[in-house]
Structures are given as C-alpha cells and as structure tokens.
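Subject: Handover of a structure

Hello,

Here is the structure I promised to pass on. Please have a look at it first, then read my notes below.

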Amino acid sequence: MAGRDLSLTPRVEAVRDKQPVEIVVEFDLVQIKQRFDGNIQSIEQQFDVAETLKSAGKEAECKTIWRSQIVFLESSIDFYVHELSKYGMLCIFSGKWPKTERYNNFQMPMRYVEQGLKSPESNKWLLEYVNRKFTRDVYMSWEVLVDQLNMLGIHLKGILEVIFPKPTTPDPTYRDGERIIKDLYDRRNQIAHQSDRQHANAQQNDISKEYVEQCIKDVKSIINGIHAKAVEKSGE
C-alpha cells in the first residue's frame, strides 16, 4: 500500500464526440425538380434489372423489382413535397407568395421566434425549423397531401381536374386524380407493410410491368402539374 496515490482526480466530462451541426441547404425550384426527375430516372432504370431477371426465368424476383419501384415511386412524391414545402414557406414568409390560412395558423416554438426576431435580415432560422418539422411528416396519403399543398396555396384538386379530365362519354376504366393517388398509396402500403399480400388469405397480389409504367406516368403528370403551379406563383 506504501506509495499508492489515493487522492481524488477530477472527473472527466463531455468527452463524447459532439455531433456535427447539420447545415440545412436552401434549394430553388429548378434544383427541386431536378432531384425529383433524377429519382424517377433511377426508378425507371430498374426495369432493366427486372427484365434481366425475367429473361433468366426468375419471374418472382422480377416482380419483386416491380414492387420495389412502386415503393420508391411513392417516396419520390414524398420527398418532392418536403422540398417544395420548405421552398414555399420561405416564399410566403418573404412575401413572394400570398399568405394562406394554414400559414397564418402555423405554430412554432418560441425559441425559433426569438431567433427570427434577433436576425430579421435572415430566414435561416425559419428554414431550419420547417426542415425539422416537415421531416417528421409523410405526404403520400390523399388527405395529408391536399392539406400540405393548401398551406402553400397550391390547390391539388384543380390541378388534377386539368391533368385527368373527365371523359365526355362514360368510360368504366376512367379514374380521376384523387382515385389514382389513393390507389397508389394503398398499393404502396400493401407492398411495404404486407409483402403485397392480402390479409384474408395471405395471397400475394400480382403485378405487371405495364402497371408500374402507368403508375410512373401518372406520378410524373401529377408532380409536373404541381411544379408548374409553383413556378407560376414564383413568376419564374
């Protein structure tokens, strides 16, 4: 025991590596649309993978690729709306876009309000908050999608009426834009959460390349319509 140092040493604190500060980047409409188009291109390129599997006699694996395309297709909608929401909120705040009722009732913690009051020359504080808030939300279901776009002053129902006009004569195959969005969302959920199987009998729903191609075509038309309205509002 002789010579042993029993004195207390200071406790070492705060040694854990600090997480790097995340920089929230502000994108314009061109960049937002380019990212959506890039996502769609990546999805479409998966047709080559599916065709290779099909040619090798691996039909089940081929259909798995088609199903994954539906999931990624819905994700491309969701991410586009996230980015457009941040852009639109900054446009409304800066006076470029008209204020909406939902914007006027938008709530945020006081610490962000105080940051804004301290930095009136910058909108960085608002961008950081809406990025944090919108990240937790999902914009794929019909009701949530309509509500979110309404906050930006973009009325989806009117856009869809132009993109998917009602036929002048009865057509049993016709689906309006609302039905298309709801059906795609339901199918995505069935694939993502149930392996595309029915709860009643565990049978897996069939899927075809033509179905996936039509879904991609519909989503392109919907996002193009939304984006055109955003460009019009911005005067670009």
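Helices here are DSSP runs of H or I with at least four residues, numbered from the N terminus. By that definition, asparagine 131 is found in helix α5, residues 124-135. Please keep in mind that this is a predicted model.

First, that asparagine. Is asparagine 131 buried or exposed? Buried means under 20% relative accessible area. Asparagine 131 has 16%, so it counts as buried. Leaving aside residues up to four places away in sequence, asparagine 131 touches Val24 and Lys86.

Now the whole chain. It has nine helices and zero strands. From the N terminus on, the order is α-α-α-α-α-α-α-α-α. The radius of gyration is 24 Å, well over the 18 Å that the globule rule gives for 236 residues, so the chain is more spread out than a compact globule. Along the principal axes, the C-alpha atoms fill a box of roughly 95 × 55 × 35 Å.

Some totals for the chain follow. Buried residues make up 36% of the 236 residues. Of the contacts with a separation of 6 or more, 71% are between residues 24 or more positions apart. The chain exposes about 15000 Å², and carbon and sulfur atoms supply 51% of that area. There are 33 positive and 35 negative charges, and their mean positions are 4 Å apart.

Next, helix α9. It covers residues 209-234, which is 26 residues. From first C-alpha to last, α9 reaches 37 Å, close to the 38 Å expected at 1.5 Å a residue. Its buried residues include Val212, Cys215, Ile216, Val219, Ile222, Ile223 and Ile226. Asp218 and His227 are also buried in α9. Which helices do the buried residues of α9 pack against? They pack against α1 (29-55), α2 (59-94), α6 (142-151), α7 (156-163) and α8 (177-194). Just after α9, glycine 235 takes a positive phi of about 70°.

Last, helix α6. Its buried residues are Trp142, Leu145, Val146, Gln148, Leu149 and Met151. An α-helix has 3.6 residues a turn, so residues three or four places apart point the same way. The buried residues of α6 pack against α2, α3 (101-104), α5, α7, α8 and α9. Just after α6, glycine 153 takes a positive phi of about 80°.

Best wishes

Methods: Residues numbered from 1 in each chain as written. Predicted model: local features only at pLDDT ≥ 70, side-chain atom pairs only at ≥ 80, totals over all residues. Heavy atoms only, no water. Helix = DSSP H or I, 4+ residues; strand = E, 2+ residues; numbered from the N terminus. Rg over C-alpha atoms; globule rule 2.2 N^0.38 Å. Buried < 20%, exposed > 50% of the residue type's maximum accessible area, 1.4 Å probe, protein only. Contact = heavy atoms within 4.5 Å. Areas by Shrake-Rupley, 256 points an atom, 1.4 Å probe, with all protein chains shown as cover. Lys, Arg positive; Asp, Glu negative; His and termini not counted. Charge placed at Lys NZ, Arg CZ, Asp CG, Glu CD. Expected span 1.5 Å × (residues − 1).
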